[in-house]
Amino acid sequence: MRIPVLAILAIVTASAAGPARAQTYDPDYPVCLHVYGPASYYECRYSSLAQCGGSASGRSAQCVINPYFSNAWVEPPGRHDRRHRRAS
């Protein structure tokens, strides 16, 4: 009798927690603050590393480059090939 009760209790506890939210990066800012602790998270709302550094000062945090920054410069295709061509 004890095992079915424990199984039901475990199922109810797991379903009450709800779905986990995914960590998102704001693509409008180039720098994110990674805060460490019991609940580790990212705050992507800084326009420079210096600005982020001010918020990270004295905290368990680190400034990182946002990998999903939407205004990142991308080299046009084919340009890299022309630069490194050998003369025949």
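A salt bridge here is a side-chain nitrogen of Lys or Arg within 4 Å of a carboxyl oxygen of Asp or Glu. Keep that cut-off in mind. The model on screen is predicted.

So, how many salt bridges does that rule give? The count comes to 1. The partners are Arg-45 and Glu-43, with nitrogen and oxygen 3.1 Å apart. That distance counts because the rule asks for a nitrogen within 4 Å of a carboxyl oxygen. As background, side chains of opposite charge can pair when their charged atoms come close. Is Glu-43 buried or exposed? Glu-43 is buried, at a relative accessible area of 14%.

Next, the disulfides. A disulfide is a covalent bond between the sulfur atoms of two cysteines. This structure has 2 of them. Number the bonded cysteines in sequence order, and the pairing reads 1-2, 3-4.

Take Cys-32 and Cys-44. Their sulfurs sit 2.0 Å apart. Which hand does this link have? Right-handed, with 100° about the S-S bond. What does the pair tie together? Cys-32 is in strand 1, residues 31–35, and Cys-44 is in strand 2, residues 41–46, so the bond connects parts 12 residues apart in sequence. Both Cys-32 and Cys-44 are buried.

Now Cys-52 and Cys-63. Here the S to S distance is 2.2 Å. The link is left-handed, at -100° about the S-S bond. This pair joins distant parts of the chain, 11 residues apart. Cys-52 belongs to helix 2, residues 49–56. Cys-63 belongs to strand 3, residues 61–65.

What about burial for this pair? Cys-52 has 0% relative accessibility and counts as buried. Cys-63 comes out at 21% and is partly exposed.

Where does His-34 lie? In strand 1, the strand that also holds Cys-32. His-34 is buried, with a relative accessible area of 12%. Its side chain makes a polar contact of 3.2 Å with the side chain of Tyr-36.

To recap. The salt bridge is Arg-45 with Glu-43. The disulfides are Cys-32 with Cys-44 and Cys-52 with Cys-63. His-34 is buried in this predicted model.

Note on methods: Residues are numbered from 1 along each chain as its sequence is written. This is a predicted model: local features need pLDDT of at least 70, side-chain atom pairs count only at pLDDT 80 or more; totals for chains, interfaces and linings use all residues. Side-chain values use heavy atoms; hydrogens and water are left out. Buried means under 20% relative accessible area, exposed over 50%, partly exposed in between (1.4 Å probe, protein chains only). A disulfide is a pair of cysteine sulfur atoms within 2.5 Å. Helices (H or I, at least four residues) and strands (E, at least two) are DSSP runs, numbered from the N terminus. A polar contact is a pair of N or O atoms within 3.5 Å; within protein, one must be able to donate a hydrogen and the other to accept it, and residues adjacent in sequence count only if both atoms are side-chain atoms.
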